[in-house]
Amino acid sequence: MEFETVIGLEVHVELLTKSKVFCSCTTEFGGEVNTHCCPVCLGMPGVLPVLNKKAVEYAIKAALALNCEIPEFSKFDRKNYFYPDLPKAYQISQYDLPLARKGYIEIEVDGKPKRIGINRIHLEEDAGKLIHEEGKSYSLVDLNRTGVPLIEIVSEPDIRTPEEAWLYLNKLKTILQYIEVSDCKMEEGSLRCDTNISLRPKGSDKFGTKVELKNLGSFRAVRRSLEYEERRQREILEQGGVIVQETRRWDEARGITIPLRSKEEAHDYRYFPDPDLVPIVIDREWVEKLKSELPELPDAKKKRYMEEYGLPAYDAGVLTASKALANFFEECVSQYHDPKTVSNWVMSEMLGILNETGREVDEIPFKPEQLVKMLKMIDSGTISGKIAKEVFRDMFDTGKDPEAIVKEKGLTQISDEKELEKIAKKVIEENPKSVEDYKKGKEKALGFLVGQVMKETRGKANPQLVNKILKELLG
Amino acid sequence: MNLSELTIHEAHELLSKKEISSEELTKAVLDRIDKVEEDIKAFLTIDKERALEISKKVDKEGDFSNPLAGIPVAIKDNICTKDLKTTCASKILANFVPPYDATVCEKLKSEKAVIIGKTNMDEFAMGSSTENSGFFATRNPWDVDRVPGGSSGGSAAAVAADECIFALGSDTGGSIRQPASYCGVVGLKPTYGRVSRYGLVAYASSLDQIGPITKDVRDCAIVLNAIAGWDEKDSTSVNLPVPDFTKSLVEDVKGMKMGLPKEYLGEGIEPEVREAVLSAARVFENLGASVEEISLPHTEYALWAYYIIAPAEASSNLARYDGIRYGVRAKDSDDLIDLYKKTRSEGFGREVKRRIMLGTYALSSGYYDAYYLKAQKVRTLVKADFDRAFEKYDVIIAPTAPTPAFRIGEKTGDPLKMYMSDVCTIPVNMAGLPAISIPCGFSGGLPVGLQIIGKPFDEATVIRAAYTFEQATDFNTKKPAL
Ligand SMILES: [Zn+2]
């Protein structure tokens, strides 16, 4: 039997507000344990939460960028459960009236756009962290993170493959980074993802029994765990077995999913409206204002790159996948006539070095102007394209200006005809066989001779000139 | 006359004229505590040294322009006082010292009032007799074999016994008015949202409200002036202008329309209480007000809806007392769950546990609609009753409690009977309205309270009616013989 996979994603994203969602403590990551706290986020007796308007603003921005509807009326509810990282023993969250509903993210599957629905986005507070020390019979609690604003983005079960889940996450991250509401760093926990997956016979409109997956530390882990789980469930179903509804933990090292004790999921959260907070009434004008302030989003940018700069879809897609990269590219283009050349350099050389060194775009030690300067040096014949690659590498390592690098290292292109003629003659003398081949009509032999001249000049010779001179000498 | 018997305004006059000092007044109050506290047991903490120190400081500054400057006040022990133990009369918070002041305490301090101590109460304000204190019961100054009411029993008893000049209490279902009634003093529950709840340890957040307990209505207006107002730290406090309530201290109820709901005078109301309220109505009529019988048909459901909503909120509000970060932690637990269980089993008293269980049940999946949601609908109906009445009437008058103070131990075995003692006050909390209790008579030598209920944020009219009644009668001048 052929099966269809159905995947849903729940993504928690920490918002980049300066202060926490219900008190004025800093949201800064790190810091000495239990120093970013106050009576409110510590849940001391008698304290009350006060909603941070900025958190609502960021959540609405995210919702708008994800094409959601923003209802006029929303409220906060208490989600009750006991855990030491949750000082009040309830999390202030949203139950039946979330801030936003019914949005979507567009991804590209087999070259065609596909919309993945977003069921809801709600605002809530983050919990603290437990620190387990090896060999100790106790755990420690760090409440610095308690009360950092979070949005939970719940997808519709529209995802059909682990690859689509991966694309969805990447797109989500890109959009949220574009609008600067979250840095989406999975390694710092500012983006967290739980997934659920089920299989059903192809053509069926009923959902199969779903399994929830937790402990996903990276987008790669999301994809791998879904691939594993898809395989596991298919094998069970093919053998006539039944899927157990459960929560499973991804074991990154072993590459498998393991059932969590079912005890941990038997929660009745006893949601009820938080009587300490008044309902939120969202002003339409405010929403319109926020909408008008949204920056150009990745899809629109990609389209513009194709239309305005004439870039291929692939280039436009890569360049717009990160706001920082797109910004870098656009600054270069504003000072240089040929977007495609810039795109080539950014996509091959720049991304190559970034990947190799594991650095981020905002860690590039030079400015877009300096790349432009280098491109202009190629155009003017000051350096060859090949030398430029060496210069570029140097710019990365030292942050120095390309002119300074060329000068220091003596990399200026040799365009002096007399000097080149001297070298060409020497090369002809030393390679009679090739000369003979050329004269017999083997065009390839000329290429070899040009290469020899370049070698003699350590790449500094102007290749067009060398070509011309050799042809003249060989008659 | 002993200085501790003074009202705020009497003491203020003497302080302003420098005829007495705050230190003398504070000492007089502390002496009075020394003398009667053994019988009354109104206080959980007496902050003697600090109170004297502050009174001396106020004297030294010599500025008594504030009506509360240099006046000794007792604070209910569920209102946080910085660097002063705040236990909610619960073993689980026996060692809790807040690093912050409740907004009301901040305000009192800025007015230079002198906090002398923290008063006893039913644990976490759950009770109607102060017998549910995790430490000891408080006694009624009029008859030490009787309860002072609750949950603000310590505050009401302290005011009645002149162990302070005034006190703050909190009222969730009658916890200021009912003990004020039992102890023959004045107690006001402001409109929900009028006074900041920041620093009031929550019992039922949508019902709790802090208010004054005083020796007369004038004092009540003075204290309300000091504590009322919007607070950015409390999202449920309301940003409305606060009138000067002492301007309402006028003897005039001419043309005032008063409703007397028949549901508050029926079965379960002791005849002497009914008689006292009816004669109060005649007093008002003689003063030029009109009193008409009205009906608030959903009154009988209010109590039962309250016992869903309040415990539901409490079950969540009290979940934070887990022994992890502050308060008392049980010893020798095997694991986390065991730690929770032992701490909460040992730390909470019977009534608190009963309400946590009630509330947890009412919010559980499958029961939410049948209990919590239904109770909220009842609440809306109760409020609509009042809204309709207030279209026609300026205030509603009723008994504060169905009986005078009952005997210690009389109702401890029967929670339902105990709950009934708040039957006249609970609907007012459900509707979020302001209401005052003032002495209006005696039954078998025990004080009876008259409740005057007002429109939302119209404490001014409530105070005017109460003041006029007080000036026309002498019930508030009677003191218990201790
Ligand atoms: Zn904080």
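Chain B folds into 15 helices and eleven strands. Helices (H or I, at least four residues) and strands (E, at least two) are DSSP runs, numbered from the N terminus. This is a predicted model, in which local features need pLDDT of at least 70, side-chain atom pairs count only at pLDDT 80 or more, and totals for chains, interfaces and linings use all residues. Residues are numbered from 1 along each chain as its sequence is written, chains are lettered from A and ligands numbered from 1 in the order in which they are written, and side-chain values use heavy atoms, without hydrogens and water.

**Chain B overall**

The C-alpha trace of chain B spans about 65 × 55 × 45 Å along its principal axes. Buried residues make up 64% of the chain; buried means under 20% relative accessible area, exposed over 50%, partly exposed in between (1.4 Å probe, protein chains only).

**A buried glycine**

B:Gly259 lies in strand E7 (residues 257–261) of chain B. B:Gly259 counts as buried because its relative accessibility is 0%. Beyond neighbours within four places in sequence, its contacts (heavy atoms within 4.5 Å) include B:Glu292, B:Tyr393 and B:Ile397.

**Aromatic pairs**

Over all chains, the structure holds 32 aromatic pairs. Rings of Phe, Tyr and Trp (its six-membered ring) pair if their centres lie within 6.5 Å; planes under 30 degrees apart count as stacked, over 60 as edge-to-face and the rest as tilted. Two edge-to-face pairs follow.

| Pair | Centre to centre | Angle between planes |
|---|---|---|
| A:Phe272 and B:Tyr372 | 5.8 Å | 70 degrees |
| B:Tyr182 and B:Phe406 | 5.9 Å | 85 degrees |

B:Tyr182, in helix H6 (residues 177–183), and B:Phe406, in the loop between strand E9 (395–399) and helix H13 (415–420), are 224 residues apart. B:Tyr182 and B:Phe406 are buried.

**Charges over rings**

The charged end of A:Lys53 sits over the ring of A:Trp286, 4.9 Å from its centre. A:Lys79 lies over the face of A:Tyr269, 4.4 Å from the ring centre. Such a charge is NZ of Lys or CZ of Arg within 6 Å of the ring centre and within 35 degrees of the ring normal.
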